Each structure stands twice: as structure tokens, then as C-alpha cells.
Amino acid sequence: MLAKLLFYGDLHLHSKNYGAHRDYMKDSLWALRTVANAIVDNGVTHAIGLGDLTFGRFNNLEYRRAVEEQFDRINHVTGNKHFQLKGNHDSAGYGMTEFEYYIAKGVMRPACNLDFGNVHLTMINYGEINSCQPNIHLDEGHTNIVCAHDYCAFSDTQMPNFGTATILDNVARLFGMDILICGHIHTSHLFEGLSLKEADGKTIGHRVLVDYPGSLTRPAYNESLLEETGHLIIITIEDDGSYKYDRLDIELPPIEETFNVEAKAIEKEKKEEKRNRVDISDVVKRLDEHERNVGNPEDIIMALADVPEKYKRKAIDLLQRGMK
């Protein structure tokens, strides 16, 4: 075996409560320990974090000590080959971030390019896809792996609205990559697409596997995107240049134990009440503008177009209460 690479998504380590977690410190340390355990248990030679190591500076020495114990475990197994991409949260206007601090201390290494026989790895920091120097070899028999901290997709990829994506179809700089492993997006996604390039007046295509392992920490509460299973990626590279791609499933702590779902339910209810008030006031406004001599108010309300039925019923109920 030449190498065994483990890739993990955004940890967003933080020493304060965050994102509707009941105890974010405990949850983020669980995520880091889970990564370290997988590295130890699988005899990993190279660990690669996909960016957003932390969310702000630590302000708790006990937390820092617990974090550094796991970093020590990772470095002991990998021989100090723990790499970390620079994510969008890993630089700040207030000064040195935890990412920059641990890179400066040599606890982890910054993004770089590595070769393992005929397998080539390119690491790309946030926002550098169009300026990086890729380690891509187009000769037959070579495998090119790229990891990045960006939102990337193909023009025909069906993804939730995560903002503006880098469209991979025509990113000539990365043409020839076989696998793209991305951080930045906290939920898991796995899809394929075709990278295109113009050569000698012809358009040639190269198939690419894109993998978002997601974040084990689940930093923020989003009811529609919360996952119960997390993922780590292990690529084992053999002496003959062949490789094995494994996607490890990690059972995440129960949502009800992790997040303050009661508080989020109350917050959701208040937002719904606010929307109801706005919609009902719109019904009243439109009723006031309606011709007074055309039918009774209840009929006018029920005849209003583009108003949900439940708001019409509520408006009529309020109208009848006011007439008592």
C-alpha cells in the first residue's frame, strides 16, 4: 500500500453554543473525536480537512486542550501528515484565526499537491479554483483527485439553493480530474458530471465524480436539510497504482438530543403567526378597497383571488368577532 487518505468535511469547531445546539462544544468535540477515531482505526497515512476548521476563536482553555488532544492523536498515526484546506471561515479581519494559528505551529499542514505513484492529489483553498496550480496528469493510467472548499456543480446538477456555484463543465484548469471532493456544503451529496474541453476544433469530455461528505457537526439547524448519517471518505492507494474508494457512513447523534427543537418550534410558530397577520391584514385592505354595494363582506372575502383559504377563514372569523 502506498497511502491511505481520509477526507473529512467542515468541523466548525467552536467553544460557545451555536446553531441551536443544546451543547455545541460537546457536539463539535464528538465530531472531531469521530474523525480521529476513524484515522486511528483505519491506519490512515494522510488526513485532509476540507476547510472551515473553526468558527471564530476559542475562548475556553479546557476546550482548546480537548481539541489539541485529538490533533495529537491524528498526527501520531499519520506522522504529522494532517492537511487542512483554508475555508471561508478560516480568515478574518480581526487577526489570526485558529486555522492560521495551528498551521503556524506546525500542528497541521496547509494545502499542497501530492503524488502517490500514478495517483495525483490537488488541494485547493476557498476561492482559488481559477488560480490554483493543479496537479493533473492526462496520460492514460493516471488518476487525478482534487479537493476544494467551494460550492461546485455541473450545469445540469440538481442541488438545493446553496448560492452561486462554480460550474464545472468548462473549468479548463481542472480538466482531467477524475474525483472532486468538496467541503463548504454541510450536507451530503454525490453525483457525476461531464467536464468539457475544446481541443483541435472538437469538444472532448471527461467524466467526474463529485462528492460532498458534509459536516459531522451539522453546525446550524435547518429542518429541511438535517441529516441523520454523516460521511467520511477513505481512498486506499495500492503499489500498482490502483485505488479503492470508500465512503464511510457515520451515525450522527439524534436530532432531538443535539438541537433545541422545542425552541425552534416556538420560533417557527411565531414566524407563522407573523405571516398570518400580514396575510390577514392584506385581506382586510382588499376588502376595504372593494365596492361596498356588492354582496356581504363574507362573500367578498371568499371571492378574493390568490389568498389561501385558511387566511380567508381567519379573516371572516375576526370580522364576525368584531361584529358581536
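Select His 189 in strand 11 (residues 189-199); strands (E, at least two residues) and helices (H or I, at least four) are DSSP runs numbered from the N terminus. The model is predicted: local features need pLDDT of at least 70 and side-chain atom pairs pLDDT 80 or more, while totals for chains, interfaces and linings use all residues. Residues are numbered from 1 along each chain as its sequence is written, and side-chain values use heavy atoms, without hydrogens and water.

His 189 has a relative accessible area of 15% and is therefore buried (buried is under 20%, exposed over 50%, partly exposed in between; 1.4 Å probe, protein chains only).

Now show the residues around His 189. Neighbours within four places in sequence aside, His 189 is in contact with Met 159, Pro 160, Phe 162, Val 210, Asp 211, Tyr 212 and Arg 247, where contact means heavy atoms within 4.5 Å.

Next, colour the aromatic rings. The structure holds nine aromatic pairs. Rings of Phe, Tyr and Trp (its six-membered ring) pair if their centres lie within 6.5 Å; planes under 30 degrees apart are stacked, over 60 edge-to-face, the rest tilted.

Select Phe 71 and Tyr 102: their ring centres are 5.2 Å apart and their planes at 80°, so this pair is edge-to-face. Phe 71 belongs to helix 2 (residues 61-78) and Tyr 102 to helix 3 (residues 98-105), so the pair ties together parts 31 residues apart in sequence. Both Phe 71 and Tyr 102 are buried.

Tyr 101, at 30% relative accessibility, is partly exposed, whereas Tyr 102, at 1%, is buried.

Finally, select Tyr 18, Tyr 24 and Phe 55, which form one aromatic cluster.
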